[in-house]
Structures are given as structure tokens and as C-alpha cells.
Amino acid sequence: MCSSDLQRLARDCRLLFDVDLDTDRVRYYIRHVLTDAAPRTVARVTVYDPTLDLGIIGSDAVPHILVTTRPASLGTPAPLRLQAASYRREMPAVKHIGLFGALRCRRIVQREGFDDVLFLNPDGTISEIATSNIGFVRGGQIIWPRSEWLTGITMTLLHRALDEPIYTEPVILSDLPTMEFVFATNAATGIRPVATVDDQSWPTDHPALKQLRDLYADIPAEQL
């Protein structure tokens, strides 16, 4: 877990529970569970308060920390085939466990032969993939949808490495033919090319893919 993850976790804890998160304790728990883990392991940290229930949800919170792990993917992920659907996650800027709606959308599109779902806002603008950010390349410029979405750690690290600000603009489905390359970012899978959105397709061997993957691979790891 990098400092950006912890900063986002602490921000969301303050937003949802009105208390400060002990990030040193989070680091301690992560180190503990990773002691006997495989060399490449994904650790997930969930902050929750088991004493809050429906009747006393407004009480002062004393958040607990849950760390779970799963093996990291060792292979190169295949290009994504996306289907667009109208959906907006509750509190999109916060990473939370309320994924029923998003995963239901993913299940629907997978049953129709796609890999994942691309969310559209009520006004038709693109926001994000179910559990990933989506980025576009046009004229050598990386473009992110101008929308409320979860600011992913991978996209944040990329732009720090690029030493440039994050550029956004409203993107709708009719803009997609103007894009030269489309990609998804996720902390577990890194940078993954997007082959199609509905019936619009792009090459998945665009030079930008190697450039972004090389840049991401060269980001120094942080000590826990």
C-alpha cells in the first residue's frame, strides 16, 4: 500500500466516520498479514465500525480495520471489451463496499459477452468502469472523463511520474471515434488496453500502451 492509498483511506474515514484514521496501525496490520504471503499479493483494507447498526447509525464511530489478501495476477490481462450502461455509483468519489449495483451491471454485460461495464451519467457523459478508471489518448494527450468518479491510485501515480496535471474533459459515446487509444487503470491489474466500447474498436498495440506500462513499472516501490 502506497502513501496515496493511505491518504485516500484516511480522507474517506474522516468523511464517513468523522474521526481520524491511525495510518500507522493500518501499516502494522498490513505488514502482519503479508509476513507469510506470496511475493505478489493484493492486500485490501476495509475500515468499518461493527457497533453501528441501522438504529444508531448516527452514534460516534470507533472504526475497526480489516485487512484481507488475495493472490495478485501474474499474467498480462487481456484487452477489455466494454458495454456502456447508465449507472452512477453512490458517492462515486469514495471507495466503499456498496458495490451491489455496479457488480450487477457487470454481471449483466458479462452475460451478454462483454468483459465489463462502462458507466454513463444521466447526461450521457462517461464516468468510469465498474471498478477501474478509464482513460483516452488523443493527439498524444491523456484525457480522463470530466465526471465524479473514484480517483484511482494507478492513475494518480501515472500522472506523478509524468509530472503533469490530470487533464479532464466531458466525453460522450459519440466522441469515441476521435480517440486513438483507450485504456483502463486499476491497482490490481495496472494498465489494461480497451479493445471495444459497444461497437467502437481501437488497436490494442498502440505505442502509448508500452509507454504507460513502462512508466508505471518504473515507479519506485514504497516500504510499508
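**A pocket, a helix and a buried aspartate**

Let's start with the second largest pocket, lined by V137, G140, Q141, I142, L162, E164, H206, P207, A208, Q211, L212 and L215. This is a predicted model, where local features need pLDDT of at least 70 and side-chain atom pairs pLDDT 80 or more, while totals for chains, interfaces and linings use all residues. Residues are numbered from 1 along each chain, and side-chain values use heavy atoms, without hydrogens or water.

A pocket here is an open set of points on a 1 Å grid where a 1.4 Å probe fits, with protein on both sides within 12 Å along at least five of seven lines, and lining residues have an atom within 4 Å of a point. This one holds about 200 Å³ of space. The biggest share of its lining, five residues, comes from α5.

The buried residues of α4 pack against α1, β6, β7, β9, β10 and α5.

Finally, find D49 in the loop between β1 and β2. D49 is in contact (heavy atoms within 4.5 Å) with residues including F17 and P63.

Terms used: Helix = DSSP H or I, 4+ residues; strand = E, 2+ residues; numbered from the N terminus. Points joined across faces, edges and corners; volume = space filled by probe spheres on them. Lists of a residue's contacts leave out its neighbours within four places in sequence.
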